[in-house]
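Dear colleague,

Please find the structure below for your review. My notes on its aromatic rings and on the contact between its chains follow.

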Number of protein chains: 2
Amino acid sequence: MHRVWNVEINEYNSTQNRKYETIFTLANGYRGLRGAIEFSKIGERGNFIAGVFDKNTAQVTEIVNCQDPLIFNIYVDGEIIDIDSTNLLDFNRSLDMKNGILYSNYKVELKSGRILEIKTERFVSRNNVHRWAAKYIIKPVNFKAKMFIENIIDGTVVNSTLDLANLTKHFEVLDAEDFKPGIALKTRTFDNKIEIVEATAVLSEDENGNIFKSRKYTKLGEKVRELYEFFVEEGKEYTVFKYGITYTSRDTKKELFEVAQRELRDFINIGYEAEKEAHSNVWQRLWDGMDVKIKGDDTAQIGIRFNLFQLASSAYPDDPRVSIAAKALHGEGYKGHVFWDTEIFMLPFFVYTNPEVAKSLLMYRYNTLDGARRNAQLNGFKGAQFPWESADDGTEVTPKWGVDYDGNPVRIWTGDEEYHINSDIAFGIWEYFRATKDEEFLINYGTEILLDTAKFWNSRLEYNKAQDRYEINRVIGPDEFHEHVNNNVYTNYLAKWNMKKALEVKEWLKEKDRIKYKTLCNQLGISDVDFKEWEEKLNKIYIPMAKDGKLIEQFEGYFDLADIEITEHDENGMPVWPDLKGHKLHDTQLIKQPDVVMLMLVLGEEFDLESKKINYEYYEKRTMHKSSLSPSMYSIMGLTVGDTQNSYKYFLKTILTDLEDNQGNAGHGLHAASTGGSWQSAVFGFGGFSVDENEIPNFNPWIPEVWDEFTYTINWRGSKVEVTVDRKNVSIYSQKDIDVKVYGKDYSIAANEKLVVAR
Amino acid sequence: MHRVWNVEINEYNSTQNRKYETIFTLANGYRGLRGAIEFSKIGERGNFIAGVFDKNTAQVTEIVNCQDPLIFNIYVDGEIIDIDSTNLLDFNRSLDMKNGILYSNYKVELKSGRILEIKTERFVSRNNVHRWAAKYIIKPVNFKAKMFIENIIDGTVVNSTLDLANLTKHFEVLDAEDFKPGIALKTRTFDNKIEIVEATAVLSEDENGNIFKSRKYTKLGEKVRELYEFFVEEGKEYTVFKYGITYTSRDTKKELFEVAQRELRDFINIGYEAEKEAHSNVWQRLWDGMDVKIKGDDTAQIGIRFNLFQLASSAYPDDPRVSIAAKALHGEGYKGHVFWDTEIFMLPFFVYTNPEVAKSLLMYRYNTLDGARRNAQLNGFKGAQFPWESADDGTEVTPKWGVDYDGNPVRIWTGDEEYHINSDIAFGIWEYFRATKDEEFLINYGTEILLDTAKFWNSRLEYNKAQDRYEINRVIGPDEFHEHVNNNVYTNYLAKWNMKKALEVKEWLKEKDRIKYKTLCNQLGISDVDFKEWEEKLNKIYIPMAKDGKLIEQFEGYFDLADIEITEHDENGMPVWPDLKGHKLHDTQLIKQPDVVMLMLVLGEEFDLESKKINYEYYEKRTMHKSSLSPSMYSIMGLTVGDTQNSYKYFLKTILTDLEDNQGNAGHGLHAASTGGSWQSAVFGFGGFSVDENEIPNFNPWIPEVWDEFTYTINWRGSKVEVTVDRKNVSIYSQKDIDVKVYGKDYSIAANEKLVVAR
């Protein structure tokens, strides 16, 4: 069993360091610590704290790469251990996903012929998000010597170290302090003056207790450092624990050094092993509610768990001012910005496994509503326009301009035109409510978002007098190969849905809480006059369709573009660029990802199977999958329409996005949407879980030949439901009484009983 | 001719980087810039400004390693040029000593197969000590690409980077500024609040003028940076000039950014090539007054020039608050402290080639007299006690304690017991005056030092009633193998000389300037009562001698120590440790360097040839040469007593101390005493130059078989005197009328005439 809980590597290649820093990132939603190797300088270290954003001289506001508390240098006499310049005899790293612990083992031979073994453990606590720790077991194999350990907190960190032109410093170092035990460094971001303290302490131990002979504390400009000297004997093992505490002024109003010092002492008092156990226990509880088990296919088993592990690592329900970024807390890619990825790809996982997290993700949108209102106002619209890229306050932070290789400016239009984010968020609210029936949320927060996004759409609609219809022109849909298009179906369909749902929900609210309804109308500046207008206009929103009424046109005029199909696939099964025959990409029907298929997944109950099949087949031949969001959609829809062969292929593509680095940029951070897509492929796709128009859970599972057994767990309205599929049966266990449909037939399951249905 | 003006290497080995950083240091007395390679991170960079000292948390006050202006990163696309991690196809560095320019050539092959050639020049101006510059010629051999140049001033520099336990930061970064063109970083030392500004600018050029396409200025915590983007074509050459300006608050009271910006603009206006020419012209004039030419022996020729070049590079006569440290401005070794090395080993070179510098070195001692007086007072003595190690103010800065390998404290006694520094300085004053007859100096500064050091000795003498003699007990002589010895002959003899010379000179002063004499007595608290006491006591100072009256005993009881002679020498001709037969080193007659021989060199006219011979032979067999000061003494004395064979060997040892790194620590900085010893070996030794008791220059040259011709130049009382020795003749040219003795015979040389004497 151990094997299928671990992501493991046994070979070292420094050019892969960045990739494995992402894969081995340890995060707890509050913070992410990239999986850097203490004994290598190659890579791109990262210490990100959710919500700590800054702009300073960067192009846009971005997540701050904070001071680095991870530095732990080991010296034999004066010679530093650096695996890139010494002889590495043995190397192994392993992420234990069951317990959330990263293990690394190194055996190095120094120039002097001395051989040293170092075994390390590291965890970022889920028991107390402010804590992280590491353990180092050091063994001089064939020598005795004087050694040093240098514990440093490094404040020279900058963002974009590898992007010469955009390298930016986001904080100044305010002060260092000697905590005795431990050291601390306080910094402050430039724009919002967020103070950040990292504090660490190292404690050593062998059978005689402490091994250290002397300590020296030094402040070195932007760094603080403590140096320990000790003496080692051949063949003995020496253990050093490193304790870390992180606090920011977002967490407390108290003086941060004081808070951190008290916390660090408490942590040391509790001890490394006790905290590790408490941390593992949290992971046990999490896995209990979210694990997906695949017997007979280890690659799929490890792969799906990796995605669940990292997605679950990225959530922090205690802070409703933060969400999960496109690269989570795992790298500087996309600058820590939050996209539609969160609501459309990641949110379902939380809705059905950990609804408390889902609520906090939606609360982030609620808490950034004022920014969204400012966006609408700046763009000449009404209501709330959520930003395509969102940082700390909801104002649009998509860069307006990039540069090409030659340094020529290239305009980026997504922040201006990719409006669908607004209905994606509205949809997320509805999905959460439908699964949880959390009325308190819908009354106090959800309705306000639904109404203000509807108000935006109403102001955004353009009337086409000739056709007597409402249009949304000059937009970008999910497929970003085509910019400035008119009447994108994904955009228009969901805008209409958004307005309709807002009208439904305000009726519901009027019933539930008349006072809240009245004050909300008052606050949002809306009345029955507006509702009437919305009603009239939404029914005239133009949805482009092919002449046969089944094949949907991605946007108005799409079918008139050069129709170039994909005919070849590479050794990874990914499409090979076809000959464009002189056309520019945006003048062809080739797409980055499939807007229509996406729409049919989001609003599955609104489309019949034939439509799904027709559109799946048409767009699959034209989709280049140049987004990590794309394969998972095809995996789920493939199972719906019966293309099981491709579904399994797309599923593997999805779950191995980072592990195989099949988009080639895992080093930038986690493909967080893909982690959510992995879960959706597993549960909505193979697990065949859906909710029908009567809000009854449906189960229509299918599993590939290679799988012996497949199990997943969901939370349906507070009840844990476990579904197991093997070659013969579908078994469904429920904690509470529940009505379900399996393969279209109705069943009632009593609390704590198991329904078994033959396949 | 070019060959014998260049120190050149053609092979790269990163473990030698520190050594070559010392050898290729460029200095102008105001500052020293270690010869770091821009494209390697291995080594120990250094930027030292004379007089900028700080203690902060270091053990003692030390020379500050200031912010580094040398950083110049070249990137091809995003890949940095780093010769340690790319394929180095061609490598060559060459120090042109004639013009004071360091050339480096690199040809690297990147991982991508791209080949890049970089040719660099660098100089630290002697025309304007605040200026330094570099030139980079970049040639993409087989590619076209986008490139970046990153010009950085790095304020993260600390002292003792390689000494983990003593690593110290000596300044805080105050501010950075964008000079447009150029960047600047202002720092401030902790203790004395000395402000330091480094400013640099880069300007590019090809046949169309500027090559840069864009510039970005960034402040990154303790660093300031400008990034330039440009595009290169295969096979073309691109030239980038880097201009540097350095100012400190020791130089001016004006705001440093303003001063530096104006200076930087002036420098750019004048241009790289014009400044380089002015700089070379200064070197031409310097060489004209100091060159030593050896025909027929290229090793000796390059070696002696290297020593003269680096010694001349270390002097800055315009600042009488600084002197030349034991490691000059070439490294952090000995913490930038000034020892007796300066007066005894280096001063003679300047006295006889550039008396203005000699005066400024002595003025440093005058300007630190108050510190010397505080030392005497703290130690319970009177007058002035110059410190064994001196930094900025003359107070003792020798560390009291070191640690052994196991971390046990080891007491360092030199700062307490190595008193002879006082008479070494007194002797330096006399030597300068004897050669220059600079009465103004002796009246206003020299006499005060002579009297106050004599006053110290008078208070230090201990009366031995039983023997009716004065003793100086518990001291360390130049030979530091023996601590706490009584009546060290070097110490006692020179203390006596110091007191006697003070009495002589005060008589002279009384004649010359009665008012100055009176005020001086008043200030120093001395009168005829004291002078009488000094007179009485100095004649009773005990000088230990062997019973035969010729062999001098290094200190009282030395001859009673275990007499272990050196019998073997290693392949470099250096002594091999003999078997100590169970004795501790300090219980044997083995010595680090020869006190008696040293004494006979300093006060050569006071000892007859037989004495010199007897003592040379006795001590030579017992000297381990564990000081770089030692071989040169044997070289000179060997020629005096006729041991020519060994003299040549010791001469080579001396001149190659750093080039061959025969003490194994060239990386720490220049062996500055050895550079002075090299000149003394050449001029006093082979050149046979001495001044007799009648102050007549004597010439008794001898040259080894391998030398075809040997020429040196001295300045005798303002007249340039050039001496050429070949196999047949000694030729002496003088600018002015001069009386000389050659091989013991008197001659008069008329101005601008040449005397030729057959050998």
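In what follows, a residue is called buried if its relative accessible area is under 20%. Please bear in mind that this is a predicted model.

By that threshold, both Phe39(B) and Tyr136(B) are buried. Across all chains, the aromatic pairs number 118. In one of them, the ring centres of Phe39(B) and Tyr136(B) lie 6.5 Å apart with the planes at 80°, so this pair counts as edge-to-face. The pair joins distant parts of chain B: Phe39(B) belongs to the loop between strand S3 (31–33) and strand S4 (47–54), while Tyr136(B) belongs to strand S11 (residues 131–140), and 97 residues separate the two.

In chain A, ring pairs connect Phe349(A), Phe350(A), Tyr352(A), Trp679(A), Phe684(A), Phe689(A), Phe699(A) and Trp716(A) into a cluster.

Charged groups also sit over rings. The charged end of Arg126(A) is placed over the ring of Trp283(A), 5.2 Å from its centre. Lys146(B) lies over the face of Tyr405(A), with 4.7 Å to the ring centre.

As for the contact between chain A and chain B, each chain contributes 28 residues. About 2,200 Å² is buried between the two chains, 59% of it on carbon and sulfur atoms. On the side of chain A that touches chain B, the elements giving two or more residues are strand S12 (145–154), strand S16 (212–220) and strand S17 (223–232). Between the two chains there are zero salt bridges, whereas nine residue pairs are in polar contact.

Yours sincerely

Conventions
Residues numbered from 1 in each chain as written. Chains lettered and ligands numbered in written order. Predicted model: local features only at pLDDT ≥ 70, side-chain atom pairs only at ≥ 80, totals over all residues. Heavy atoms only, no water. Phe/Tyr/Trp six-rings, centres within 6.5 Å; stacked < 30°, edge-to-face > 60°. Helix = DSSP H or I, 4+ residues; strand = E, 2+ residues; numbered from the N terminus. Buried < 20%, exposed > 50% of the residue type's maximum accessible area, 1.4 Å probe, protein only. Lys NZ or Arg CZ within 6 Å of the ring centre and 35° of its normal. Contact = heavy atoms within 4.5 Å. Buried area = accessible area lost by both parts, 1.4 Å probe. Salt bridge = Lys/Arg side-chain N within 4 Å of Asp/Glu carboxyl O. Polar contact = N/O pair within 3.5 Å; in protein donor to acceptor, adjacent residues only side chain to side chain.
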